[in-house]
Amino acid sequence: MNSVCVIGLGYVGLPLALSFAMKGYKVFGVDSNEKLIEELKKGVTHHLESYNGKTIQEILKEQLENGNFVPMVDYEEALENVDDVIVTVPIPVYGGRPYFDYLISCAKEISKNLRKNQLILLRSTVVPGTTRNIFLPILEESGLKCGEDFYLAYASERIAEGKAFEEFENMPTALAGFCENSAKRAVDLIKVICKEEIIVASSFEVVETAKVIENLQRDINIAMVNEFERFTKAMNLDIFEVIKVANTHKRVNLLYPGPGVGGFCIPNAFYYLDAKAQELGVELKLSKTARMFNEGIPNYISDLVMKTIEKHKCPKKVAVLGIAMKDYSSDDRLSPAIEIIKILQARGVEVKAFDPAVKTEYDFKVSSLQEALKDTQLVLILAKQHGIEFEKIFEYIPPSQAIIIDTRNVFSYNDAKEKGFVLEKI
C-alpha cells in the first residue's frame, strides 16, 4: 500500500490527508495539538467540507475505520513508514511580523527523522524565500544532502474553505522542486489527487511569490469595493446593485464589500510579502494602503452601528448574526466580526451573537436565534450560515420595530419596504 505523511491537520491538512486516504493511501496525519488528535481519532471535526454527497465527518469516520487515516503526534512513527511527507504547518502573523517558530519546529522534527530518498513537500503559505533559506538548511542538519539523499519541493495551497476536496482535485497546482528529480517526485505525488494541470515553475521563489500575490490581489480588491461602498452610500445607491451591474462587463469581476477581511490567508498576505520587500528595500505602497483600509473596516461598521442607535433612539443592544470570518464558514480566526463585537462592547453596547457553525466559546455567544434576538431591536448581519434562518427574525421582532444593518446583502430595500422594517446597508 502506498503511504504518505501529512503534517498539520487544520483547514488545509485534514481534507488533504483525507483526499489521499480516499485514493487508497495509508495516511499518517501528524499534529502537535494533542486535543485535536484525540478528537480526530474519535471522528470529530468541525470543518464544513463535503465530497460526493458525504460530509467530512462521514469521510473521516470511514477512513479511520478502514485504517487509511491514522492521526498521531509522533513524527518518528509517521516518518519511518512513508516515502513522501507533506507539510501544511501555518506561519501566523503577530504584530505585522510573520512568526516562523511552528514551521521551524516542524522542520527540526523532520530533520531528526529524515530518511534517504524521502520527498518533503511544503504546502504552507510562506514568505518568499522561506523554502530555500529557512526550511532547507534545517532539513540538511540531518546530515543528508538535498537533491542527492532526499528531495524537496514547494507547492502552493489554493483551496477555499468549504470547497477543499473539490479544489484539491480540480484546481491547477503550481510547484517547484530543488532539482529535476524533486519536481518529478512532487508531480507524481500531487497527480494522485489532482486531475488538473500541474505547473512546474523555475524556482521555489516563483511559486511562493505567486501564492502570496494570489491572496493579496483579493485584499486589494476588497479594499477597493469597500471604498466604492462609501461613495455609493453617500449617493444613496445600493453598492450590491452597482457591482452587479458593473460585473455584466465581461472583463470586470468585482468582489462584494463586507464587514472586513478575516481568516488566515488574505489578512496575512501583505505581511508575508512585506517581510521580504523590507529586506529588499522595496516599498509596497498600494498593498499597504489596502491592508490598512481593510483593517479599519471593523471600526467603520462599529461607527455605523452607533450612528444607527443614535438616529433611531433604540436601546444599546445588538443581535449579531454570524461571527465566522466569511459566509458559510466555521473559521473564526482573525474574524472581523469578533473585532466588531469587541469594539461595540467597549462602547457600552450589549451584544448577543449567534453562529451555529463556529464552535469557539465567547462570552457574547448564544445558542439560538431566539436568544440572540430577545429584547433586541437592532440586528447586525455579519455572515450567512445555513443554520441561521434570517426570515425568522420577524417572528421575534415585529417588522415595525426591527432595524437591520446588513453587511451581506441578505435583504433588499424592496424587502424592507414590503415588510416595514428599517434596513441599513454598508
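Let's start on the surface, where Phe 231, Met 235, Leu 237 and Val 242 make a nonpolar patch with about 370 Å² of accessible area together. This is a predicted model, so local features need pLDDT of at least 70 and side-chain atom pairs count only at pLDDT 80 or more, while totals for chains, interfaces and linings use all residues. Residues are numbered from 1 along each chain as its sequence is written, and side-chain values use heavy atoms, with hydrogens and water left out.

What goes into a patch? Its residues have over 30% relative accessible area and no salt bridge; like charges are joined within 9 Å, and nonpolar side chains (Val, Leu, Ile, Met, Phe, Trp, Tyr) within 5 Å. A salt bridge here is a side-chain nitrogen of Lys or Arg within 4 Å of a carboxyl oxygen of Asp or Glu. The areas themselves come from the Shrake-Rupley method with a 1.4 Å probe, and for residues only the protein chains shown count as cover.

Phe 231 sits in helix α9 (residues 204-234); helices (H or I, at least four residues) and strands (E, at least two) are DSSP runs numbered from the N terminus. Phe 231 counts as exposed because its relative accessibility is 54%. The scale goes like this: buried is under 20% relative accessible area, exposed is over 50%, and partly exposed is in between (1.4 Å probe, protein chains only).

Now for a patch with charge: Asp 74, Glu 76, Glu 77 and Glu 80 form a negative one. Glu 80 is found in the loop between α4 (75-79) and β6 (84-87), and with a relative accessible area of 48% Glu 80 is partly exposed.

Time to look at the strands. Six of them build an open sheet, ordered β15-β14-β13-β16-β17-β18, with parallel pairing. β15 (365-366) and β18 (422-425) are at the edges with a single partner strand each, so one side of each has no neighbour in the sheet. Two strands pair if DSSP finds at least two bridges between them.

Take β16 (residues 378-381), which is covered on both faces: Leu 378 and Leu 380 on one side, and Val 379 and Ile 381 on the other, are all buried. Strand β13 (residues 317-321) pairs with β16 over four parallel bridges, and Leu 321 has Ile 381 as its bridge partner. β16 also pairs with β17 in the parallel sense over four bridges, where Leu 380 is partnered by Ile 405.

Terms used: Lys and Arg count as positive and Asp and Glu as negative; His and the chain ends are not counted. The place of a charge is taken as NZ of Lys, CZ of Arg, CG of Asp or CD of Glu.
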